[in-house]
Amino acid sequence: MEEKTIVCISCYYKGYDFMDEMKMLGNKIILITSENIKEKNWPWHAIDEVYYMPELKPSVWNLEHLVQGFSHLMQTRKIDAVVALDDYDVEKAALIRETFRIPGMGQTTHRYFRDKLAMRQKAKESGINVPEFTAVFNNDEINTFIENVPAPWVLKPRSEASASGIKKITSREQLWEALDQLGEERHLFLLESFKPGDVYHVDSLTFNGQVVFTSASQYLAPPMQVSHEGGVFRTKTLSRQSDEYKALDEVNAKLLSRFGLLNGATHTEFIRSKENGQWYFLETSSRVGGAHIPDLVEASSSINIWREWAKIEDALLRSKNYVVAKPTEYHSGLIIALIKDQQPDYSAFECEEIVKYLPIDYHVGIVYKSSSADTIQKRLDTAADKINTGLLNILPPKGKSTS
C-alpha cells in the first residue's frame with residue numbers, strides 16, 4: 001500500500017486520535033504547530049516530522065512565513081493532503097491548499113466555516129433562519145439596524161471560536177462606545193439580535209457531500225453564559241427519536257449542503273427561540289467540536305469522530321469508499337468546571353454511569369453514559385450541585401492555564 005503524506009496544522013493541542021488513526025492506516029504524518037506547545041503530549045509515535053511556528057499573538061502565525069516554509073517542504077516531499085485540526089487553523093490550511101494546489105477546501109468555501117458574517121449571509125440566502133444581523137462597516141446601516149431591531153444585541157468577532165470575544169449590548173450608547181473602542185478592528189466584528197433560548201450543537205461527518213453521521217446535543221448552560229460569567233459547562237445528547245433531533249438533523253444537512261462542504265467533520269450550533277420556538281442558525285465550523293464534546297459523542301454512539309474523520313481522509317486519498325459503523329443509541333452527558341485544586345477528588349462523584357474522568361488540570365471533567373435520559377439529567381444536576389457547593393473557581397488560578 002502506497003504511503004500518503006498528510007500535513008496536520010494545529011495551533012492548539014488536539015487531534016491525537018486523528019494522527020494516531022492516520023498513522024495506523026499507513027500514512028506519513030507531518031505536524032506544523034505553535035512553538036509554545038511543543039512540549040505537549042503529542043502522539044509522537046505517529047508523527048514522522050514536526051515543524052514549529054512562533055505565535056505573533058495567541059493562535060496567530062505569520063502566514064507569509066508559513067507559505068515560505070511550506071514551499072521548502074514541498075521541494076523534497078509530495079504532500080497529499082493538508083488538514084486543519086482546530087478552528088483557528090482552517091484559514092491557514094485553505095491558504096496552503098490554494099497556494100500549492102492541494103485538493104481540499106479552498107479559501108472561498110472556508111469563509112463559510114470561519115467568518116461569522118459570511119456564514120450568516122450564506123445561511124440567510126439559503127433560506128435558513130438566522131438572528132437579525134448586520135455588518136458594522138457603515139454607520140447609517142448600523143443606525144437603521146438598531147432602529148428596527150430592539151436591544152439587546154451581541155457584538156461578535158467574525159473569526160473567533162465559540163463564545164470568545166462576544167459582548168452583550170443593551171443600549172445605543174453602549175454600542176457606539178464599544179464600536180469606538182474597537183478602532184481599526186471594527187470591521188472584524190458583526191452586530192446581531194440577542195435571542196434568548198436553548199442552544200444546541202450538532203456534530204457530524206460528511207463524505208462525498210452526504211452527511212453520514214449526526215449527533216445532536218443540548219447545552220444546559222449556553223456557552224456564552226459560561227464564557228462570560230463562569231460556572232459549570234454541561235451538555236447532553238438527544239434521542240435520535242426526539243422531535244428536536246429530527247429538526248436539527250434536517251437543518252444541519254441542508255446547511256452543510258448549501259455551504260458546499262464535501263468531506264470531513266463539522267460542529268454546528270443552533271438556538272431554539274424561547275419567544276417563538278423557531279430554530280435559528282448560530283455558527284458552524286469544519287472541524288471536530290472542542291470542550292471534550294467528542295468524548296460525549298463517543299459515549300453515546302461508540303463513534304470516535306476524530307478517528308472516523310481520519311478514515312474519511314484516508315478513503316479520499318486512496319479513492320476508496322467510506323462507511324461509518326451503525327451508532328449505538330445511549331444517552332450521554334458531559335460536565336466540565338474550573339475548580340480550585342489542580343487535581344480533583346472524584347470520590348464524591350462516583351457512580352456506575354461514569355465513562356471517564358477527563359484529565360484537565362484545575363478542572364472537574366466527567367463523561368456519563370446511560371440507557372436513560374432522565375438518569376443522565378440527574379447525574380449532571382447532582383454533579384453541578386456538588387461543584388457549585390464547594391469546588392467551583394470562577395477565576396483561573398494565578399499563573400495557571402485552563403486551556
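**Figure 1. Helix α10 (residues 293–301) in the predicted model is mostly covered**. Eight of the nine residues of α10 are buried, where buried means under 20% relative accessible area, exposed over 50% and partly exposed in between (1.4 Å probe, protein chains only). The buried residues are I293, P294, D295, L296, V297, A299, S300 and S301. Just after the helix, S302 takes a positive phi of about 65 degrees. Helices (H or I, at least four residues) and strands (E, at least two) are DSSP runs, numbered from the N terminus. An α-helix has 3.6 residues a turn, so residues three or four places apart point the same way.

**Figure 2. H292 lies in the loop between β13 (279–285) and α10**. H292 is not a glycine, yet its phi is positive, about 65 degrees. Is H292 buried, partly exposed or exposed? With a relative accessible area of 30%, H292 is partly exposed.

**Figure 3. Y362 is found in the loop between β15 (354–357) and β16 (363–370)**. Phi of this residue is near 60 degrees, a positive value in a residue other than glycine. Y362 is buried, with a relative accessible area of 11%.

**Figure 4. Strands β9 (residues 197–207) and β10 pair in the antiparallel sense**. Eight bridges connect β9 and β10; two strands pair if DSSP finds at least two bridges between them. D203 has S215 in β10 as its bridge partner. The two strands form a hairpin with two residues between them, and N208 in the turn has a positive phi of about 50 degrees.

**Figure 5. Strand β10 (residues 210–219) also pairs with β11 (residues 232–237)**. β10 and β11 run antiparallel and are joined by three bridges. Opposite Y219 stands T235 in β11. Why is β10 described as largely enclosed by the rest of the structure? Seven of the ten residues of β10 are buried, so the strand is largely enclosed. In a regular strand the side chains alternate between the two faces of the sheet.

**Figure 6. A cis peptide bond joins A151 and P152**. Omega of this bond is about 5 degrees. P152 is located in the loop between α6 (139–148) and β6 (153–157).

**Figure 7. The setting of these views is a protein with twelve helices and 16 strands**. The radius of gyration of the protein is 21 Å, close to the 22 Å that the globule rule gives for 403 residues, so the protein is as compact as a globular protein of that length. This radius is taken over C-alpha atoms, and the rule is 2.2 Å times the number of residues to the power 0.38. The C-alpha trace spans about 60 × 55 × 45 Å along its principal axes. Of the 403 residues, 54% are buried. Among contacts (heavy atoms within 4.5 Å) with a separation of 6 or more, 64% are between residues 24 or more positions apart.

**Notes on the model.** Residues are numbered from 1 along each chain as its sequence is written, and side-chain values use heavy atoms, with hydrogens and water left out. In this predicted model, local features need pLDDT of at least 70 and side-chain atom pairs count only at pLDDT 80 or more, while totals for chains, interfaces and linings use all residues.
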